[in-house]
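Trainee: Could you walk me through this model, feature by feature? I would like to learn how to read each one.

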Amino acid sequence: MIQFLIKRLIGLVFVVIGVTFITFIMGYFAPGDPIRTMLGEHFSPQLYAQLRHAYGLDLPWYEQYWNFLVHLAHFDFGYSFKTQGRPVWDILKDGVPVSMELALWALVIYLLIGVPVGIISALKANTWVDTLNMGIMLVLYAMPIFVFCVLVQVLIVFIDQETGANWPVANWGTPWHYTWTDIQFKLAPVLVFGLAGAAYFARITRTSMLEVMRQDYIRTARAKGLPERLVIYRHALRNALIPLITVTGVTLGFTITGAFLIENIFNIPGIGTITVSSVLDRDYPVIQATAVLLAIGVVLGNLLADIAYTLVDPRIKLE
Amino acid sequence: MPENLLEVNNLKTYFFTRSGVVKAVDDVSFTMRPGEALGVVGESGSGKSVTALSIIRLVASPPGKIVGGEILFNGENILEKNNDEMTELRGSKISMVFQDPMTSLNPVFTIGYQIAETVKRHRKGISNDQAWQRAVEMLDLVRIPDARRRAKNYPHEFSGGMRQRVMIAIALACNPQLLIADEPTTALDVTIQAQILELMKGLAKEFGTALMLITHDLGVVAGTCEHVIVMYAGHIVESAPVRQIFQTPAHPYTIGLLQSIPRLDEKRGTRLTPIPGQPPDLSREIIGCPYAPRCPRVQPRCRQERPELKPVGRGEQLAACFYPS
């Protein structure tokens, strides 16, 4: 087990190097010049050269990349181009808790709504209950998230106008605080994010549950005289949840970087919003840093999933 | 106390599928005495497994449905019992061992747990420890070496033969009156088959459990059962004590089955005689004897009228044939 963890963490280093290399190369060769973007229309060539030198952009690409890696090894993401001289981590550190908060609550909705809906649909397969459930889930899953966001916002505005309630349409409260105002801010984006994902979880749960209910050991459980309740919740569910662990692990990984579209549309100051604006501003150090965060998140999420497997499925041993 | 442990009368189990009604079991009647070992023989699709699943009321529904007849177990009609009464009966009075031991055990629970679970379900007020003790005891009985330690293992740590022993342990843990074994050795190596059959026969005798052994292999029946039922296309075509099935088979289908298995006492080089043709499509209406299209002794009458199961004049032997040999 310890050996497995060490191996995985070493693997993580290589994943991060790979991810940063690709994002670095793409950023380097992409058209556009960060310094020009920074300086605007009118600038002196002298200042331009000075800044290029200050940010190390006059070096060949491999030296730039090497410098980046060396800094990264010291947990230093460098300085933002856009907000001249502000450390990248300084920009990101406020975004991370917001994005994680949004994503973790969404994950709770995936599990609390998606999984039960999937189970009910599987048990009532091909009845009207199943058709209704899966119909709703299909709409939620298939609808582009930005359409869903805007629909919800329009709905909130409509309710506000009709009832005089002053429910906010955008922004986020204090991270990890739950006063009534905070909840008002957070509810809509969490629900949008949560329901879209719950639809996906419901479909996976249904498929997996249907598969398990056909297994011979379910017939054995019935032949033992177990009541249907135990057959389902003890014998079927535990097996049916195994595929969900993978999906949950990957989802956990993405929580750190947040939801690009939802955060932007709801104006939530999370990593998603920061990433999008840094891409628009060609703020390479910030883009690099978010890519690193995502890579770490995905690898750690998968690691958690692998550990969870061993707890649920005795056939799996980590080596 | 009724004389018969099990009395199946005119059982009809149909499957309602898109392509029509499949009469998997059509008008089947037989009886079993307490402690008797009964063999049910027939090829795939003859209705033998569906008959067994009907008795324990585990026919997948939909599409399956028991549409007629009665199944008297200790004189009580099982088909009139509600779900709760059925779950009381399953695993305690009537148990079942299935064909594929590799997939019949739940991979995420220990062997001991899966046996103890049955015990705990059916013996009111038994403690977890006592149920576990019983599980270890049962593993010992089915000759799993080092039962105390092995009870804590998971199914994937056992071989196929061992898992079938575990299935037998689960089935017998509550001293059932009837054990239904649906092709219990089909998925196993030939060397293991004999051991499992021997074990099942011995334990059934020891526990006083009646054994209903379903198989497509007449050889399996020969050493294990006292009475044999031969099924074809959802009907019983012959029913006789095991010796008579082998010595004086009456129905042409039984004769065909016997000729298609190799025998040690035959001259070398003798060819096996297969039965030509295929069993009928059960979703179509069958007029006359279902075996008529494949029967070497078919007469015009066989194609118009279905023969009833009736005595052929040798004690308990019955055959559904107008022209029994």
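**Reading the model together**

Mentor: Gladly! Let's start with a strand pair: in chain B, strand S3 and strand S8 (residues 210-215) run parallel and share 5 bridges. Before we go on, this is a predicted model, in which local features need pLDDT of at least 70, side-chain atom pairs count only at pLDDT 80 or more, and totals for chains, interfaces and linings use all residues. Residues are numbered from 1 along each chain as its sequence is written, while chains are lettered from A and ligands numbered from 1 in the order in which they are written.

Trainee: What counts as a strand, and what makes two of them pair?

Mentor: Helices (H or I, at least four residues) and strands (E, at least two) are DSSP runs, numbered from the N terminus. Two strands pair if DSSP finds at least two bridges between them. In general, strands of a sheet pair through backbone hydrogen bonds, either parallel or antiparallel. Here, Gly39(B) stands opposite Leu213(B) of S8(B).

Trainee: How many bridges join S3(B) to strand S9 of chain B?

Mentor: There are 4, and S3(B) runs parallel to S9(B), which covers residues 227-232. In that pairing, Val41(B) faces Val230(B).

Trainee: Which residues of S3(B) point one way and which the other?

Mentor: The general idea is that in a regular strand the side chains alternate between the two faces of the sheet. In S3(B), Ala37(B), Gly39(B) and Val41(B) point one way, Leu38(B) and Val40(B) the other, and all are buried. A residue is called buried if 20 or more other C-beta atoms lie within 10 Å of its own, exposed if 12 or fewer, and partly exposed in between, with C-beta atoms placed from the backbone. Since 5 of the 5 residues of S3(B) (residues 37-41) are buried, the strand is largely enclosed by the rest of the structure.

Trainee: What is the strand order in the open sheet of chain B?

Mentor: The order is S2-S1-S4-S5, 4 strands with antiparallel pairing. Strand S2 (20-32) and strand S5 (76-77) of chain B are at the edges with a single partner strand each, so one side of each is left without a neighbour in the sheet. S5(B) pairs with strand S4 (residues 64-73) of chain B over 2 bridges, in the antiparallel sense.

Trainee: What does UniProt list for residues 6-258 of chain B?

Mentor: An unreviewed UniProt entry lists "domain: ABC transporter" there. UniProt positions are given in the numbering used here, feature names are shortened, and annotations may be inferred rather than shown by experiment. Over that range, chain B is 38% helix and 28% strand, with its end C-alpha atoms 28 Å apart.

Trainee: How many helices and strands does chain A have?

Mentor: Chain A has 14 helices and 0 strands. Its C-alpha atoms fill a box of roughly 85 × 60 × 35 Å, taken along the principal axes. Of its 319 residues, 34% count as buried.

Trainee: Where are the domains of chain A?

Mentor: Domain bounds come from an automatic or database domain assignment. Domain 1 of chain A spans 2-88 and domain 2 spans 94-312, with 33 Å between their centres, taken over C-alpha atoms. Contact means that the C-beta atoms of two residues, placed from the backbone, lie within 7 Å. By that test, 21 residues of domain 1 of chain A are in contact with 15 residues of domain 2 of chain A. On the domain 1 side, helix H1 of chain A gives the most, with 9 residues.

Trainee: Which helix gives the most to the side of chain A that touches chain B?

Mentor: First the whole interface: 19 residues of chain A are in contact with 25 residues of chain B. Helix H9 (216-223) and helix H10 (228-240) of chain A each supply at least two residues of chain A's side, and H9(A) gives the most, with 7 residues.

Trainee: Finally, what confidence does the predictor give?

Mentor: The complex has an ipTM of 0.88 and a pTM of 0.83. For single residues there is pLDDT, the predictor's confidence in each residue, from 0 to 100. Chain A averages 87, with 98% of the residues scoring at least 70. Chain B averages 87, with 99% scoring at least 70. Among the elements of chain A, H9(A) has the highest mean pLDDT (93) and H2(A) the lowest (77).
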